Amino acid sequence: MLCTTLAFAQNRVVTGTVTDDKGDPVPFASIKVKNGKAGVSADANGNFKIEVKEGTVLIVSATGSVDKEVKITGSSNIYNVTIVKSNTELSTVVVSALGIRRSVKSTPYAVQQISGERLTQTRETDLTSALSGKIAGVKVNGQAGSKLGSNGTVRLRGVAGVSDDQAIYVVDGTIVTNASDINMDDVANVAVLKGPNATALYGQRATGGVIIITTKKAGKGKPLSIEFNSTTTIEKVATLPDYQNVYGGGNSPDPNNAWAESKYVYKAGQPIEWKALEGIPRQQYYDDASWGPKMNGQPYIPWYAFYGGHDGSYKPAAFSPQPNNIKDFYQTGLTTNNNISLSKGGKWWSGRVGYTYLTRKGIIPNSDQTKHFISTQNSFDITSKLVFSTNIGVTIENFKGDFSDNYANNTTGSFSSWFHRNLDMGIMKKLRNLRTPNGNLASWNISDDNWSTPSVAINNPAFWYNPYSWLDNLDNKTNRLRIMGDAALAYKITKDLKLTGTYRMNYRTTELKTKLPFILEQSQGTFGYSADELGVSPVYSKYRNNNTKYTEQNFELIGQYSKKISDFSIDVVGGGNVLDIRRDDSSRSTNGGLVKQDTFEISNSASTPSRSAVKNYRQVRSLFARATIGYKDFLFMDLTGRNDWSSTLPQGKNSYFYPSAGLSFIFSDFVKNSPLSYGKLRVSAAQIGTDPLAPYALEVTYAKGTIPYGNTDTLSGVPNSLISPNIVAPINTSYEAGLELRFFRDRIGIAATYYNETRKNEIVSTDISSATGYLAGVINAGEINRHGIELELNVRPIVSKNFTWDVSFNWATNTSVVKKVSDQTNLFTIYSNYVSQPIIAGIVGQQWGQIRSPAGVKRINGLPVIGMDGLYETEENVNFGTVLPNYTGGIFNSFNYKGIILSASLDFQQGGKYFSFTDMNGKYSGLTKETADINDKGVNVREPLAQGGGVHVYGVLNNGKPYDTYVRAYDYFRQLSSNNIWDYSIFDASYLKLREVSLGYEIPVKKLGSLSKTIKKASISMVARNLWLIYTKNRGIDPSEIAETYAENGQQPGTRSLGINLKIGF
Amino acid sequence: MKFKEIIAFTLLIGVLSGCSKFKDEYLHNPDPNVNTTANTSFLFTNALVKSCLRGNATTVNGDLLTVGYKEATFFVQYFGQAIYPDDQLYQNTFGEWSSYYSGPLMDLTTIIEYNTGDKKTVAAANGSNNNQLASARIWKAYLFSIVTDRWGDVPYFQACNPSIITPKYDAQKDIYYDLFKELKEAVAQFDGGAVFKGDIMFKGDATKWKKFANSLRMVLALRLSKIDPTKGRAEYTEALTANGGYIATNSDNVSFPYLNDINYRNPWNNNIVNDEPIGLTSFFVDLLNYSNDPRLPVYARPSTGTTYAGLPYGLDPAGIASWTSSNSYSKMGTAFYQQNSPGYLLTASQVLLTRAEAVLLGWTTGNAKTDYESAITLNMQQNGITDANAINTYTTQASVLMNASNVSDAVKKVALQKYIALYPNGIEAFAEWRRTGVPALTPAPFAVNDSKMIPRRWGYPLDEGTLNAANYNAAIAAYGNKNSIDGRVWWDKL
């Protein structure tokens, strides 16, 4: 009765909108009467309505924001309230599945968000790299900065399937195939949904997790805002293997006996100018290893001396170390990134247009990239109930260069595997167009030491081109076009019910054109190993044109219903979706050279050209629903269900249903007068289904060959897989629990999550005895479990008028264990490349991703077994542990002193392994530092044993008795590759890296006088990326940028960049 | 229910029932070049191509099944390696057989199945069922003879059968007996009907197929000379007079018809590329020089000027590097590695040498010396040497001349001539070397295998030990429970 009386006394109805300091609405903010019980919640658009008495003080609060008190006085009944965020990384709403914004209180699973602002602090142009170390449980497998146009992949919570499921990127609801299509300047917010509990509503494509990107949009009624953002950075080579600088090119076990001949002797028939070289030692030019003589500056005949027409012709040079020859090969890269965006909103519309122009010059000679991003986000109120909105983005990207980091590529594939340490890169650069007597490109790797037919010997290299000559002549261009967008019509049927129909499209074409001119064919290595990205030996001049076209469409219809009935809130979302993916690829390539030199047309092919086309269409239809029931804003129950029908599963068995249920309890509502400002406990159980089969995988098919034999057709594909006709969709079942705590008015925030997820019925392609006539059987058999813990900590230790300090820290540990493969086998292959390399395997009872080597050192009680000669005894199929880390994480610090902002991000990984083919070859070829180290007698290991040289090897003999001896370095290091001993080329991938640092200054525009009327915001900052690899085992390779995720075969180097950024807002 | 609700409900049911049905383009590959039924013609061309061409080149032998298989040429010391000489040191102790089984052997099995089962009528569009069956059976027998000669006891009767996931290993004896039966039956199966369209080997010429089958039967029969002479003799004599005859002239020599096209080139063109650092061994060059063999300038290119010198065989990397820094060596003759050079699988000289041996063994009557000399003459002609005087000078010198009354010496001479004539067919030469012990070869001095001896067989593929464990374990029991390359196959009797 008292309440009623009071209510009668309250005589004003106040309405308003709660917005944040940027003017964006704050949904679900709480509006309470100070010292009273009455209160309401704002809706999703920040609008509220409350009945109050004159003079009442309202407390407006929202999680992640500083509370604000508003006194109701005066005549106006409209109170628009701006609240300030207390900590940028804690917010009130999260973007959940299907892009639906939800109150953070109601989600029963972990969602971690990061603002676009923080992601772009150092102006990283690639989203994947920008995410490194910022989200708990996100592991970025990056790619070296020298490889323009390629980007890394993201692994969330380790792995839960046979394959290394990648997270998907969803931009404003539309799935994007490649993260590089996302313009960082358009990103407003990134939310990461990690497990089935969060992603179940996204369905079968989301088993690897979802990264939801919300782009910037204009608000209704907003004045014109123009933002200009310009960044220029320079890049330098960052990581290179540690080379030895004592011994030069050659191949001899004894460096004292490593000259090709003691002295060059002129022979009749050789060019008369060579007489000048008589009596000077020759190097073993043809052997591309560095087991040569000691580099003491003594005179020798360098490779170029045999060719006329330049400064060094017919002259000796000093045989000296070139410690920086590889570093000098890489040029300084330059990136410019200019962005302009306009946004404005009227009474019934809002729109934003952005344009970004990115140019890059790579550190690899002759490589560059340009990229245009055009995007627009618009919304129109057709009537008060009908809203049309659209987001469209176009990306045009062109890049060129040779970025191959495969084995024996012409840059790193040579430098770190097959090279001479005495080569002067400056001379190589200068003589990039030097020709042999018959007009070929000259090379350091002269073909034959035999000199029986000298005119032939000096015309073609043994294996390698001069790397500059290769890059000058190879023309490798990629053009990409991506059009992505959506158009939606939303109709508000009643106050509580909204129906939205959306069409989404993601269209992407890539055209790759490779032109390999005749000069490279003519100048190729005589042994035909001049491997290149085209993978042919011998090298033929070539034209290749590959086109890929990918079209993904979604037809989506969603109904949303929300209602408050006394203390209960009901929120229902339901709908259906049709996903349609079409892939049309075609590739054409000449064979056996070109008839007319350097005319790059497919019809100019010397032999029958190769043509291939791939058509591959799939469809998934889905019905889904979620219901969230809230009680008094502190207890929420979430129920979801989804049914998918996949075209790739057997007809009649292509339907699969999966539900989820969760509870969220905001217990802080019951804890008064404590430092705890927010406390939430959440538990959930969820399932998610998936359809990992490729289209048409169920069919046994025979493909007609692309190259007929004469006029007779043949086949290019015969079935090698036996497919079970009873394949069904595998289902993951996950349990998740979490706790979120915030203290001292959100100055400290902690979130912890535990999850345990099992995939059953995984479709495995299990090897079967090839004597069956097949190589593999495809069945539902696998079972994989993953479980782990994720922690986040956000602290704002200092907040004062002039100085603020923000720290956030995240950490995650995950274990993915293979429980079952099939009845036939307990092993499946995840990755395999060359025959002599380890494979990455899933092995029952062990962590996913075991490095399994064809051979390893035999051990007794952990000690290596060696023979009397000191060489290792081996055993077959040795496991070296998983590629998955024990834990990953990152630390972000930001200091703001009077508008000067210094921020730095570190990320780390502990555990996990990778193998390095470069390291193996670098040892085999005597290139790396350890092949020329000083031993425990103080003598270089390369020197003869009699003179105290040799590698000191400790181990046990076959009978287990300890034994140690000295082994010639040549024998020691070469045995590793010869016998496939991988023990010493598999490295711990643990690292700690200072990835990003930026120092910015917010220019106080208000002090700029008349300019301040036009310039609203201005800042300038210095940005640096990949600054310092603080710790890792093998410093020659950055373990956060492994070329093939598990391994590398000729890794291109990473880059370190430094730049300046200017931002102006009008 | 209200009318509206009924409509909504009906719509929902309609949507749900329609959800599970997809249009054809999502269920079946829309590419017109991809079919769910095999065209037996394409399949046969594919089987022949895959048997004789080089597939992926990432390993030393790629997918080589017959012609150009390098490792065997190192074992019999036709060739040695001049740079990175690891493979001639018997480093690869096991061999991968998936290229045979899941390649042409499966294709041939499918052809046989199509021509005998319910797809018989469809298959007949590519030639009479019998002609298809006969050709496929002969080629399958040929490939299986190589498989069993390389590994010994191998899956045979249960192989290439998707309903048996772990096929049993059959005794080589049983396999050989069945190969004889297959060859015999296949020869009788040609029916004179429409020729097999995909037959790029003999273009449907049944006589050529018969000659190939009968000759192969003779070669395989002679392989039993030590272990099972009774069966060997019976098969040999029957094959000798079988319908269709055997390969007796060079025009009947069997080679895959390689094209002057990089896609269908002789594997030696790929192996040698421009000048891969492999060369004839000094053993082989010396052997040819010893008898002033006129084939030497065809088999090899001069090392310097007009002289021929071989590579010292079986040195380690350092040894060979030091040798090559001051010496030159002879490489394969140009006639052998052009894109369209023939790569012989079975030749008249090879068959005539089996005839000479069969006479010497008393299996058949005839004149061993005449056969022997004709075989040499045919092989000289095959190599472009037509000067009768030069051939006569060669055959009449003491080291070559046969004295048929000295049987053991005559048999050795036949074997030696076969060794020379088979060059560069390493797989067949390796089988014959194992059977005859001729020529006497010295193992690589720097061999890296356990026994340091020349291998007697290839080890089973390693994954058989896990994927087909019980059968694999039963098979290696014959080699002391070790997947040993020193173990001998059934016919390889001490």
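**Figure 1. Overall fold of chain B.** Chain B holds 21 helices and 7 strands; helices (H or I, at least four residues) and strands (E, at least two) are DSSP runs, numbered from the N terminus. This is a predicted model, in which local features need pLDDT of at least 70, side-chain atom pairs count only at pLDDT 80 or more, and totals for chains, interfaces and linings use all residues; side-chain values use heavy atoms, with hydrogens and water left out. Residues are numbered from 1 along each chain as its sequence is written, while chains are lettered from A and ligands numbered from 1 in the order in which they are written. The C-alpha trace of chain B spans about 110 × 55 × 50 Å along its principal axes. Of the 494 residues, 60% count as buried (buried means under 20% relative accessible area, exposed over 50%, partly exposed in between, with a 1.4 Å probe and protein chains only). Among contacts between residues at least 6 apart in sequence, 75% join residues at least 24 apart, where contact means heavy atoms within 4.5 Å.

Figure 2. B:Glu182 lies in helix α8 (residues 172-189) of chain B. This residue is buried, because its relative accessible area is 16%. Leaving aside neighbours within four places in sequence, B:Glu182 is in contact with B:Arg137 and B:Tyr156. B:Lys482 is found in the segment after α21 (469-476) of chain B and counts as partly exposed at 48% relative accessibility. With neighbours within four places again left aside, B:Lys482 is in contact with B:Asp450 and B:Ile476. The C-alpha atoms of B:Lys482 and B:Pro439 are 28 Å apart in space, and the two residues are 43 apart in sequence.

**Figure 3. An open sheet built from chains A and B.** The sheet has 3 strands in the order β35(A)-β34(A)-β1(B), with antiparallel pairing; two strands pair if DSSP finds at least two bridges between them. β35 (715-717) of chain A and β1 (34-35) of chain B are the edge strands, each pairing on one side only. Strand β34 (residues 702-704) of chain A is joined to β1(B) by 2 bridges, and A:Ala703 has B:Val34 as its bridge partner.

Figure 4. Strands β26 (residues 475-492) and β27 (residues 497-516) of chain A pair over 18 bridges in the antiparallel sense. A hairpin of 4 residues joins β26(A) to β27(A). A:Tyr491 has A:Leu499 in β27(A) as its bridge partner. β27(A) also runs antiparallel to strand β28 (residues 542-565) of chain A, with 20 bridges between them; here A:Tyr503 stands opposite A:Phe555. Strands of a sheet pair through backbone hydrogen bonds, either parallel or antiparallel.

**Figure 5. Antiparallel pairing along β32, β33 and β37 of chain A.** Strand β32 (residues 655-666) runs antiparallel to strand β33 (residues 676-689), and 7 bridges join them. In this pair, A:Ser660 stands opposite A:Ala686 in β33(A). β33(A) also pairs with strand β37 (residues 731-743) in the antiparallel sense, over 13 bridges. The bridge partner of A:Ile688 in β37(A) is A:Asn732.

**Figure 6. Surroundings of A:Gly912.** A:Gly912 lies in the loop between β48 (900-910) and β49 (913-916) of chain A. It is buried, because its relative accessible area is 7%. Not counting residues up to four places away in sequence, A:Gly912 touches residues including A:Thr882, A:Val883, A:Leu884, A:Phe987 and A:Asp988.

**Figure 7. The largest cavity.** About 480 Å³ of space lies in this cavity. Of the 32 lining residues, A:Glu124, A:Asp126, A:Ser129, A:Gly145 and A:Arg360 are the closest to its centre. A cavity is a set of points, on a 1 Å grid over the protein atoms alone, where a 1.4 Å probe fits but cannot get out, and lining residues have an atom within 4 Å of a point; grid points are joined across faces, edges and corners, and the volume is the space filled by probe spheres set on the points. β56(A) gives the most to the lining, with 3 residues. By class, the lining has 4 nonpolar, 16 polar and 12 charged residues (Ala, Val, Leu, Ile, Met, Phe, Trp, Tyr, Cys and Pro count as nonpolar, Asp, Glu, Lys and Arg as charged, and the others, Gly among them, as polar).

Notes
1 Å grid on protein atoms, 1.4 Å probe; cavity = no way out; pocket = protein on both sides within 12 Å on 5 of 7 lines; lining within 4 Å.
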